[in-house]
Amino acid sequence: MEALDEYLGPPVVLEDESDSSDCSSRKRHKSKLPLAKSKLPLAKPMCVEAHVENSFQKTCRICLEHVREAMLHHRWQEAAEYMASYTQVLEDRSTVKSQPDKELVWRMSTEILHHLPNATVKDYNIIYERMKHSGFKHYLMICLEHSFHLMLHGDIEAAKHQVSIAESWRHGKESVSQLQRIRLIHAYRSLLDYIMWCEKKSTLSNDNSFESDSQGMHTFFRLASTNLQEILKNPGVWDPFILCYVEMLEFYGDNEEAQKVLNHYAYDNSFPPNPNAHVYLYQFLKRHDTPDKKLMKVLKHLQVLVPSHELMLTYSCLLLQSEKESHTQKALGVLLEMLDFQCWRSNLDVWKCLHAVIHQLLQREERATSVQTQMAVRNDWWPALHFTSFHAKKDLEENSELFEVKASLVEILCPGRSSRYTTEMQMLTS
């Protein structure tokens with residue numbers, strides 16, 4: 001809608017007579033000055049010739065205003081009726097705004113159809129086909145969006161056909177943006193091959209067609225993997241495509257290649273930092289019974305990117321189970337960083353794990369030096385985040401076990417500071 005407002009824009013204000021007389025008086029005054037000695041830059045002309053609308057363009061503009069008004073008030077049937085007339089603007093060749101006109105028709109038409117309860121797939125197809133043949137600028141993205149719509153309606157074959165058309169389309173010299181869109185189309189072509197592979201996979205239980213389905217599956221796997229391998233050569237965030245590729249590789253028992261793909265996706269510096277890449281690698285290693293040492297290595301990288309991630313609780317438990325002093329201290333830091341985020345404030349498992357870590361450290365250190373070091377930068381704001389009288393009442397009402405765990409830690413985590421949590425605890429338990 002912002003693009004529509006920008007396109008319609010404010011009306012052009014023409015200069016009035018006073019402006020023109022002002023302009024002529026300045027010209028008369030300027031003519032008296034010696035031109036040879038003047039070194040001032042020339043001013044931009046103040047009188048700009050305004051574009052004059054013809055009757056067709058005026059009708060289209062008024063029609064567009066009616067479409068906008070109907071859409072703003074969610075009168076979708078009325079908007080559709082006006083839009084049917086406004087599409088005639090595609091035939092206008094006398095304006096330099098033809099490309100904005102085409103994009104407006106595309107975006108607005110599909111938006112209106114999304115809100116019409118009686119809209120059919122045929123209606124969408126008519127709009128998409130007309131827009132694809134009205135110009136080349138948005139051809140690739142219209143094909144891709146058309147494919148998405150067909151996918152949502154379960155017509156995978158037709159969706160793949162649209163992507164295939166886009167793959168083979170070329171116009172003029174290949175620009176950088178066009179190359180990026182073609183790569184994206186290749187990626188979604190592989191996703192459609194994966195979907196068809198899954199459909200073949202679901203029919204493998206039928207003994208009569210096992211051999212043919214197996215051959216068909218492998219064909220789709222080969223087609224999908226060809227494009228998916230190319231994706232890894234282009235840095236970016238390719239999460240759904242990577243997951244599809246790994247699933248197919250695991251199905252055929254090529255776990256070594258699957259791990260190689262995930263390692264490349266997670267650790268290649270040319271790719272943008274992506275927490276999901278480390279999550280996928282961890283989940284893969286976990287499925288294949290990888291030793292805890294390798295799991296902790298993956299989670300260590302994830303902790304740097306997202307210290308509040310839910311897998312940090314698993315990471316802390318793995319560190320605690322190793323029983324190394326350095327790992328226990330690391331687990332303390334990981335848990336405290338989790339609790340720095342309010343989303344974990346009332347999580348019993350995190351507090352219980354923190355209690356176990358501190359208990360293990362106290363057995364090795366008389367004065368819990370590690371805890372004091374970690375809490376030195378938190379003493380000013382942790383009591384307000386976790387240990388107020390409000391928290392005490394809320395914890396006791398909602399989870400008495402959480403209340404007991406926090407009460408046992410408050411003096412260790414915030415020693416020598418008056419805590420409303422302990423005061424409220426004494427009042428509530430007395």
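Modeller: One begins with the terms: helices (H or I, at least four residues) and strands (E, at least two) are DSSP runs, numbered from the N terminus. The expected span of a helix is 1.5 Å times one less than its number of residues. This is a predicted model, in which local features need pLDDT of at least 70 and side-chain atom pairs count only at pLDDT 80 or more, while totals for chains, interfaces and linings use all residues. Residues are numbered from 1 along each chain as its sequence is written, and side-chain values use heavy atoms, leaving out hydrogens and water.

Biologist: How many helices and strands does the protein have?

Modeller: The protein has 22 helices and zero strands. Helix α7 covers residues 139-152, and its 14 residues should span 20 Å at 1.5 Å a residue; the end C-alpha atoms are 20 Å apart, which agrees. Just after α7, G154 takes a positive phi of about 80°.

Biologist: How many residues of α7 are buried?

Modeller: Buried means under 20% relative accessible area, exposed over 50%, and partly exposed in between (1.4 Å probe, protein chains only). In α7, 10 of the 14 residues are buried, so the helix is largely enclosed by the rest of the structure. Among them are Y139, L140, I142 and H146. C143 is also buried, because its relative accessibility is 1%. Across the protein, buried residues make up 40% of the 430 residues.

Biologist: How many disulfides does a search of the whole structure find?

Modeller: A disulfide is a pair of cysteine sulfur atoms within 2.5 Å, and the search finds zero. For C63, the nearest cysteine sulfur, that of C60, is 7.0 Å away. C63 counts as buried because its relative accessibility is 11%.
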